[in-house]
Amino acid sequence: CSLATCNPARHVVNMHGFAANEAFLYKHVLPHRPYSTAKCYFSEFHPESGSILVLTEDLSQHGEVGDQLRGCTLAEARGVLDAMARVHSEHWNDPALLTSKYSPLHRGYGAFLPDIQVITSSIRRLLKHSPVDLSAAQRCNIEALLEEEVIENVLSDVHEIRSFTLIHRDCRNDNMFFAPREDGSVDVTLVDWQCATVGPYLQDLLTFITNISTSTWNEHHAALLQYYAARMEEWGVEGMGEMVRKHRSLVVLNAIIQLLMYGGKMVSRMAEA
């Protein structure tokens, strides 16, 4: 159930188009697509009053909401990438997304990609003040990622992104329900679609990376990126393996900045790679 009743909350969700987004998606888009989402019984938004009411099934009967602090296990991370790839592939470069029919998704903040210069300057600043204990060699490896030639290549790859899709834009563990299967895999249902918009797939990928546990990311980050690309290609999006490979440096830089802020062994081990 999604409600916006108090004036401060209503003001925020309406100012950015969040309420209209969620009501529109649950009423007109999500029920008609093959990916996993909560069954919706009623969805309505009244722009005059700013009121929204979305009634969905109780997913707690089928799984548990994710833990933002614990992070994802490998099986859970693969489940999230399955769910993410299913959404992305279903709407990949769909011209309908750019029409007036989908206008609620065109409002609000809109999608954006991180500013590479901001990321690199932040990493340099955090290297001086981070609680993560890095050796001189590890610091050199991270600084090598920040060299002008590397950054120029990353910028070039990002600027070449022309593809678009429906993105959730808030792929946090606590916006997902996790249901283990008998074979050890995990079924993941995405909820809380109020921030969804039309934009580049990379936005969801960068958001989700910060939700993976440090041990899982450290041991499996390359395989997880390849897994996402393989699922996208399996569902009809050609060339995703090459696209994800080209954007890997941006993914790693984004992960480093998050981990330097919050500490952890992952940065140390990534710096050795």
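How many of the 5 residues of strand β6 (residues 176–180) are buried? The count is 4, which leaves β6 mostly covered. Buried here means under 20% relative accessible area with a 1.4 Å probe, protein chains only. Strands are DSSP runs of E of at least two residues, and helices are runs of H or I of at least four, numbered from the N terminus.

This is a predicted model, where local features need pLDDT of at least 70, side-chain atom pairs count only at pLDDT 80 or more, and totals for chains, interfaces and linings use all residues. Residues are numbered from 1 along each chain as its sequence is written, and side-chain values use heavy atoms, without hydrogens and water.

**Strand pairing**

Two strands pair if DSSP finds at least two bridges between them.

| Partner of β6 | Bridges | Direction |
|---|---|---|
| β4 (residues 64–65) | 2 bridges | antiparallel |
| β7 (residues 186–190) | 5 bridges | antiparallel |

F177 in β6 is the bridge partner of V65. A179 stands opposite D187 in β7. β6 and β7 form a hairpin, with 5 residues between them. In that turn, G184 has a positive phi of about 95°.

**The cavity**

The model has 1 cavity of 30 Å³ or more. A cavity is a set of points on a 1 Å grid over the protein atoms alone where a 1.4 Å probe fits but cannot get out; lining residues have an atom within 4 Å of a point. The largest cavity holds about 40 Å³ of space. Its lining includes L81, F208 and W217. Helices α7 (201–209) and α8 (214–234) each give two or more residues to this lining.

How values were computed
Buried < 20%, exposed > 50% of the residue type's maximum accessible area, 1.4 Å probe, protein only. 1 Å grid on protein atoms, 1.4 Å probe; cavity = no way out; pocket = protein on both sides within 12 Å on 5 of 7 lines; lining within 4 Å. Points joined across faces, edges and corners; volume = space filled by probe spheres on them.
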